[in-house]
Amino acid sequence: MIAFFVPRITGINILEMTATLELQHRFIQIDSPKEKSDRLEFSFSSEEPVKRYFGDEVLDHDEKSVDLTRLNSGSAPLLFNHDPNVVLGVVERAWVQDRKGRATIKWATNAKAQEVRKDVEAGILRGISTGYVITDAQQEDETTRAISWSPHELSITPIPADFKSIGIGRTLPT
């Protein structure tokens, strides 16, 4: 275990013995849109190291490491820049394939969702970010590997952290 590990505890309730964990974000590029009516499929996470204040962070993509319960609940949102007041859609399905997190979303019908969708389809917006919580990690040299983590939401964003391996315009190896 490491001494300066994410998640940061942002609050503790001693009476109930619970802690509040800080939601982390990871930004990546969206794969080429696979349009099927009002759906979009893309990758939302990978094992690409991302720089954090404590060093590099890697999200392990063994199926036992990633808890997709929230994303597969039918109520996990697709947001714009992590703003819970700007809902662009809902995650319909999430899974791990080829050591990457993948999802199918359904676009919302509101004006902002349709505006962002047009920019995604035009190739203007190509970044995805995932908000997640790490519950366990291991230190490997200068890298922290999250070995138990759960994504809570997906966001379309213009500035992805993982811009090398995932997102719109990036496809699965064939």
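The following exercises, with worked solutions, concern a predicted model.

**Exercise 1. Find which residues of helix α1 are buried, and state where they lie around the axis.**

Step 1. Helix α1 covers residues 111–121, and its buried residues are A113, V116, R117 and V120.

Step 2. These residues cover an arc of only 105° around the axis, which puts them on the same side of α1.

Step 3. On the face turned away from that buried side, α1 carries the exposed residues A111 and K118.

Step 4. The buried residues of α1 pack against several strands, namely β4 (39–45), β7 (77–80), β8 (83–97), β9 (100–107) and β11 (143–157).

**Exercise 2. Describe what caps the N-terminal end of α1 and what follows the helix.**

Step 1. The cap is N110: one of its side-chain oxygens lies 3.2 Å from the backbone nitrogen of K112.

Step 2. After α1 comes G123, with a positive phi near 80°.

**Exercise 3. State how many residues the largest nonpolar core has and which elements supply it.**

Step 1. The largest nonpolar core has 30 residues.

Step 2. Those with the most contacts inside this core are F42, F44, L78, W107 and I156.

Step 3. At least two residues of the core come from each of β4, β7, β8, β9, α1, β10 (127–140) and β11.

**Exercise 4. Decide whether E57 is buried or exposed, and name its side-chain partners.**

Step 1. E57 belongs to strand β6, residues 55–59.

Step 2. Buried means under 20% relative accessible area. E57 has 1% relative accessibility, so E57 counts as buried.

Step 3. The E57 side chain makes a polar contact of 3.3 Å with the side chain of R52. Another polar contact, of 2.3 Å, joins E57 to the side chain of Y132.

**Exercise 5. Describe the aromatic pairs of the structure.**

Step 1. There are 2 aromatic pairs.

Step 2. Y53 and F54 form an edge-to-face pair, 5.0 Å centre to centre with 85° between the planes. Y53 counts as exposed at 54% relative accessibility, whereas F54 counts as buried at 11%.

Step 3. The ring centres of Y132 and W149 are 5.8 Å apart and the planes stand at 75°, so this pair is edge-to-face.

Step 4. Because Y132 lies in strand β10 and W149 in strand β11, the pair ties together parts that are 17 residues apart in sequence.

Step 5. Y132 is buried, with a relative accessible area of 0%, and W149 is buried, with 1%.

Terms used:
Residues numbered from 1 in each chain as written. Predicted model: local features only at pLDDT ≥ 70, side-chain atom pairs only at ≥ 80, totals over all residues. Heavy atoms only, no water. Buried < 20%, exposed > 50% of the residue type's maximum accessible area, 1.4 Å probe, protein only. Helix = DSSP H or I, 4+ residues; strand = E, 2+ residues; numbered from the N terminus. Arc of directions from axis to C-beta. Contact = heavy atoms within 4.5 Å. Polar contact = N/O pair within 3.5 Å; in protein donor to acceptor, adjacent residues only side chain to side chain. Core = buried A, V, L, I, M, F, W, Y, C linked by side-chain atoms within 4.5 Å. Phe/Tyr/Trp six-rings, centres within 6.5 Å; stacked < 30°, edge-to-face > 60°.
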